Amino acid sequence: VAGGKWETPRVRTLELDVPDWPGHVAGQHLDVRLTAEDGYQAERSYSVGSAPGELLAVTVERLEDGEVSPYLVDEAREGDAFEVRGPIGGYFVWEPDDPAPVLLVAGGSGVVPLMSMARARAREGSSTPMRLLFSSRTLEDVIYREELEALAGNGFEVVHTLTREQPPDWSGYGRRIDDDLLRDVAWPAADEPKVFVCGSTRFVDAGADGLVRLGYDPRWIRTERFGATG
Amino acid sequence: MEMRDLVLDGNAIGGLLHELFGTELTAAPCVCAGCGAREEMARLDVYVDCPGVVVRCRHCTNVMITIVQGRERSWVDLGGTRALEL
């Protein structure tokens with residue numbers, strides 16, 4: 001562990017210094033394995049949030065009763081060491097030289113691999129149009145909020161929806177993702193966009209099914225479901 | 001939590017598959033022996049909260065792969081997979 005940063009009260013980014021890390025592609029994840037003194041092992045997958053070429057970083061949400069995430073979020077200190085396996089994944093990945101417009105749909109911590117894509121786009125100076133639709137519970141729960149504001153512009157757009165509580169002056173959406181909201185935000189089907197949807201199983205299924213109803217070809221839509229155990 | 005929340009996808013076992021087969025498999029097309037549907041591993045339904053790992057076809061729910069890990073060995077049943085494209 002080379003450093004840490006709180007993103008929200010429940011979510012922390014850990015920078016990792018991994019000897020011999022071969023580098024990753026935006027969207028990939030890694031597995032963390034913790035071993036207790038009695039030999040008991042627990043293993044979980046976490047998406048890489050950093051762009052390729054940056055210091056490797058994962059962003060982890062604390063799941064209550066979890067075996068791994070409470071340690072990573074609350075306990076892990078600079079200099080701690082644990083086993084990682086990766087980079088993993090060849091399906092849920094995006095390359096900045098792909099010219100097709102990109103729609104990113106994130107539910108909560110599902111934003112992490114999509115943030116790697118947004119950072120990679122900025123880092124490479126790509127002009128590919130990219131739009132992030134980001135669903136969070138409250139404003140306080142919005143992961144990477146300030147950095148997303150800073151990244152916006154030059155063909156990168158962020159649209160927020162807050163499903164549980166909205167500030168009085170809120171100008172974004174204030175409900176769960178539905179077909180009307182997707183119709184407002186998504187690229188027209190004629191643009192044949194690349195789509196990445198990441199979040200809980202129900203979030204991902206709702207988002208992907210809604211986009212298919214808008215006329216999206218299921219082949220354009222890549223999904224990654226996050227588990228409810230941490 | 002409802003049953004549906006426990007369904008992950010092939011991305012979740014990318015590390016395990018890499019360890020067992022020595023290569024990246026989440027983008028590998030798999031053909032279901034039950035209905036013939038062809039989907040990338042990442043698009044299959046995966047259950048990890050059972051004894052072992054169960055991979056099911058997202059179209060017909062046929063069990064395509066089961067993986068059980070013991071202390072010194074792993075046991076992989078591919079009976080429900082007609083073909084795996086590498």
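This is a predicted model: local features need pLDDT of at least 70, side-chain atom pairs count only at pLDDT 80 or more; totals for chains, interfaces and linings use all residues.
**A friendly note on a pocket and an interface**

1. Residues are numbered from 1 along each chain as its sequence is written, chains are lettered from A in the order in which they are written, and side-chain values use heavy atoms, with hydrogens and water left out.

2. The second largest pocket holds about 270 Å³ of space. Its lining has 16 residues, and the closest to the pocket centre are A:Asp205, A:Ala208, A:Asp209, A:Arg225 and B:Arg58. A pocket is an open set of points on a 1 Å grid over the protein atoms alone, where a 1.4 Å probe fits, with protein on both sides within 12 Å along at least five of seven lines; lining residues have an atom within 4 Å of a point. The volume is the space filled by probe spheres set on the points, which are joined across faces, edges and corners.

3. Which element gives the largest share of this lining? It is α5(A), with five residues. Helices (H or I, at least four residues) and strands (E, at least two) are DSSP runs, numbered from the N terminus.

4. Now to the interface: chain A brings 24 residues to the contact and chain B brings 23, with contact meaning heavy atoms within 4.5 Å. The two chains bury about 1800 Å² between them, 41% of it on carbon and sulfur atoms. Buried area is the accessible area (1.4 Å probe) that two parts lose on being put together, summed over both.

5. Four salt bridges are found across the interface of chain A and chain B. A salt bridge needs a side-chain nitrogen of Lys or Arg within 4 Å of a carboxyl oxygen of Asp or Glu. The side chains of A:Arg225 and B:Asp45 form a salt bridge (2.9 Å, N to O).

6. Over all chains, the search finds 23 salt bridges. A:Arg33 and A:Glu43 also meet through their side chains in a salt bridge (2.9 Å, N to O). A:Arg33 sits in strand β3 (residues 29-35) of chain A and A:Glu43 in strand β4 (residues 41-47) of chain A, so this pair ties together parts ten residues apart in sequence.
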